[in-house]
Amino acid sequence: MTEKNLIAYFDCFSGVSGDMTLGALMHLGVPREWLEEQLRAVPLEEFRLELEDKTTHGITGKHAKVIVEHEPHARHFATIRDIITLSDLSPWVKEKGLAIFSRLAHAEAQVHGQTVDHVHFHEVGGTDAIADIIGSLLAMEYLGVYEVQSSPLPHGTGFVRCAHGMLPIPAPATVLLLKDCPTYGTDVPCELVTPTGAAIVSTLAARFGPQPRMTIQGVGYGMGTRVLENRPNGLRVILGKPELLLQTDTVLTVETNIDDMNPEIFGYVQKKLFEQGALDVGWIPMFMKKNRPATLVRVLCPIHARDEIARTLLMETTATGVRFFETAREKLPREEILLDTQFGQIRAKRITCPDGSVRIKPEYDACEKIAREQGVPLVRVYEMIGKKSGLI
């Protein structure tokens, strides 16, 4: 596996699906034998991974297919969550895999009027779909991908047959999965974006738009099974090194002014906001009309969390309204790692600077736990870990 310093740009000129994603990433050089062996870490039914060259409209790519001997009945989200959690996959693959299936579960539950844990996964809960998703994440880890970006996504027209019968294209779950993602319609008479493909891209993509400025390192094509008249049926994944090692994404800033609330409530509200997906919560002292002291509440959150965050601010505080706007960010790429210390392995962040240098930052929660359990001052814990690990 290589160092995580590349962007994977999904050029979805003909949509995206789970098998096309896996095929494109494997076309970039992920060995089939290695990937099949890594997938054995997931307790699934017996399967094999087939990879074949396929040419469409003069372009040759890879068609990936997961062959399952005995496919089980539809799985619940809770079952898939246990399968991933109890596996020997890396923390990053587990985290992203759970996020993708959680997003799928919420969409399916809303469409079918069920609870998230008990929603039935039919097509997207099969061994082949699980292998497509987890296999794609393993492939990204192998290739050194730290960020995914995507083009806008095209929709076809017509109807598609699934376990629930004939459904309009795009499928209801797909529409929900692509909330807040840029899409456009076409006259192609088939499904271009599958629920699995929508879940992968909507969960992983830091931004949507044109290809970012980067030096191309490789191009992979993942081919589908249909033959389309007016375009190749495939997904192009362009792997590149950004000109500056900065991650870019777009988040939402949600704000409100509060001048009449018991300050004891702020701590409770902050905790609840973080539980609902807030990326940061800040209290900023300010003065309002009549020179009245107040607090500017500023929350950064993913775009899809807007409604929950706004509802919490309106229900749990004395605010009578909120304002929100999209905020573009540039940030240093980081990944979660396990750091060997004299206290055992602890969670830390590995941060890559624009000049290629790396710094390691132990997680505060892990250091606080050590300080409390060992009876050591927190500042001393940081010093000890830094000296042991060569960080200071």
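**Ground rules.** I number residues from 1 along each chain as its sequence is written, and side-chain values use heavy atoms, with hydrogens and water left out. Because the model is predicted, local features need pLDDT of at least 70 and side-chain atom pairs count only at pLDDT 80 or more, while totals for chains, interfaces and linings use all residues.

**Entry 1: cavity.** I looked for cavities, meaning sets of points on a 1 Å grid over the protein atoms alone where a 1.4 Å probe fits but cannot get out. I found 1 cavity of 30 Å³ or more. The largest cavity has about 40 Å³ of space, a volume being the space filled by probe spheres set on the points, which are joined across faces, edges and corners. Its lining (residues with an atom within 4 Å of a point) consists of K4, Y146, P333, R334, E335, R350 and T352. The elements giving two or more residues to this lining are β18 (334-341) and β19 (344-352); strands here are DSSP runs of E, at least two residues, and helices are runs of H or I, at least four, numbered from the N terminus. I sorted the lining into 2 nonpolar, 1 polar and 4 charged residues. Ala, Val, Leu, Ile, Met, Phe, Trp, Tyr, Cys and Pro count as nonpolar, Asp, Glu, Lys and Arg as charged, and the others, Gly among them, as polar.

**Entry 2: α8 and α9.** I checked helix α8 (residues 264-275) against helix α9 (residues 306-316): their axes come within 10 Å and cross at roughly 160°. I therefore note α8 as roughly antiparallel to α9 (over 145 degrees; under 35 is roughly parallel, 65 to 115 roughly perpendicular, the rest oblique). Axes are lines fitted to C-alpha atoms over the stretch in contact, and angles run from 0 to 180 degrees between N-to-C directions. In contact (heavy atoms within 4.5 Å) are I265, Y268, V269, K272 and L273 of α8 with I309, T312, L313 and E316 of α9. I count 6 nonpolar, 1 polar and 2 charged residues there.

**Entry 3: α4 and its partners.** I looked up helix α4 (residues 91-112) with helix α5 (residues 127-143), which pack at about 140° with axes 10 Å apart. Their contact has 11 nonpolar, 1 polar and 2 charged residues. The axes of α4 and helix α7 (residues 195-204) come within 9 Å and cross at roughly 120°, so α4 is oblique to α7. I list K96, A99, I100, R103 and L104 from α4 against P195, A199, I200, S202, T203 and L204 from α7.

How values were computed
On a 1 Å grid over the protein atoms alone, a cavity is a set of points where a 1.4 Å probe fits but cannot get out, and a pocket is an open set with protein on both sides within 12 Å along at least five of seven lines; lining residues have an atom within 4 Å of a point.
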